[in-house]
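Here is a short tour for a reader new to this structure. Have the sequence and the 3D view at hand.

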Amino acid sequence: VVHGQFVGELINRRHRYPTDLRTTLALNLSLRQTADYEAGMVSQLQAARALRRSEAFVEAVLSERRPRL
């Protein structure tokens with residue numbers, strides 16, 4: 001639910017965040033579910049990509065919160 005609202009409201013409608021963040025929450029949640037609840041393993045490459053996506057997401061949110069001059 002949160003992912004859909006974030007994408008729909010803050011990326012698509014208000015254009016507050018870059019469009020390349022659209023899939024970040026969904027992809028990382030899917031990867032976490034695989035790691036936590038499925039027999040399959042998450043590779044080091046998948047984990048590294050998820051970390052990069054997460055860092056970009058957090059940076060975008062933090063930069064949006066900074067006061068604009």
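Start just after α1, where His15 takes a positive phi of about 55°. His15 is not a glycine, yet its phi is positive. This is a predicted model, and the values below are computed from it.

His15 sits in the loop between α1 and α2. Is His15 buried or exposed? His15 is exposed, because its relative accessible area is 62% and the cut-off for exposed is over 50%. Thr19 also has its place in the loop between α1 and α2. Thr19 is partly exposed, with a relative accessible area of 47%. From Thr19 to Leu51 the distance is 18 Å in space, C-alpha to C-alpha. In sequence, Thr19 and Leu51 are 32 residues apart.

## Helix α1

Which residues of α1 are buried? They are Phe6, Val7 and Ile11. Viewed down the axis of α1, these buried residues fall within an arc of 95°, so they line one face of the helix. Behind such patterns is a simple rule. An α-helix has 3.6 residues a turn, so residues three or four places apart point the same way.

The buried residues of α1 pack against α2 and α3. On the other side of α1, Gln5 and Arg13 are exposed. Gly4 also belongs to helix α1. Gly4 counts as partly exposed, at 46% relative accessibility. Gly4 and Val61 lie 57 residues apart in sequence. Their C-alpha atoms are 16 Å apart in space.

## Helix α2

α2 has 14 residues. From its first C-alpha to its last, α2 reaches 20 Å. That is close to the 20 Å expected at 1.5 Å a residue.

In α2, the buried residues are Thr24, Asn28 and Leu31. They cover an arc of only 60° around the axis, which puts them on the same side of α2. What do the buried residues of α2 pack against? They pack against α3.

## Leu25, a residue of α2

Leu25 is found in helix α2.

Which residues does Leu25 contact, leaving aside neighbours within four places in sequence? Leu25 is in contact with His3, Phe6 and Phe57. Leu25 and His3 are 22 residues apart along the chain. Their C-alpha atoms are separated by 6.1 Å.

## Helix α3

Helix α3 covers residues 44–65, a run of 22 residues. At 1.5 Å a residue, α3 should span 32 Å.

Ala50, Phe57, Ala60 and Glu64 are buried in α3. Seen down the axis of α3, the buried residues fall within an arc of 90°, so they line one face of the helix. These buried residues pack against α1 (2–13) and α2 (24–37). The face of α3 turned away from its buried side carries the exposed residues Gln44 and Arg65.

## Glu64, a buried residue of α3

Glu64 is found in helix α3. Why does Glu64 count as buried? Its relative accessible area is 15%, and buried means under 20%.

Which residues does Glu64 touch, not counting residues up to four places away in sequence? Glu64 touches Arg16 and Tyr17.

## Where α2 meets α3

Two packed helices are described by the angle between their axes and the distance between the axes. For α2 and α3, the angle is about 145°. Their axes are 10 Å apart. The crossing of α2 and α3 is left-handed.

Which residues make the contact? From α2 come Thr24, Leu25, Leu27, Asn28 and Leu31. From α3 come Gln46, Ala47, Ala50, Arg53, Ser54 and Phe57. By type, the residues of this contact divide into six nonpolar, four polar and one charged.

Key. Residues are numbered from 1 along each chain as its sequence is written. This is a predicted model: local features need pLDDT of at least 70, side-chain atom pairs count only at pLDDT 80 or more; totals for chains, interfaces and linings use all residues. Side-chain values use heavy atoms; hydrogens and water are left out. Helices (H or I, at least four residues) and strands (E, at least two) are DSSP runs, numbered from the N terminus. The expected span of a helix is 1.5 Å times one less than its number of residues. Buried means under 20% relative accessible area, exposed over 50%, partly exposed in between (1.4 Å probe, protein chains only). The arc is that of the directions from the helix axis to the C-beta atoms. Contact means heavy atoms within 4.5 Å. Axes are lines fitted to C-alpha atoms, for helices over the stretch in contact, and angles run from 0 to 180 degrees between N-to-C directions. A crossing is left-handed if the near helix is turned anticlockwise from the far one by less than a right angle, and right-handed if clockwise. Ala, Val, Leu, Ile, Met, Phe, Trp, Tyr, Cys and Pro count as nonpolar, Asp, Glu, Lys and Arg as charged, and the others, Gly among them, as polar.
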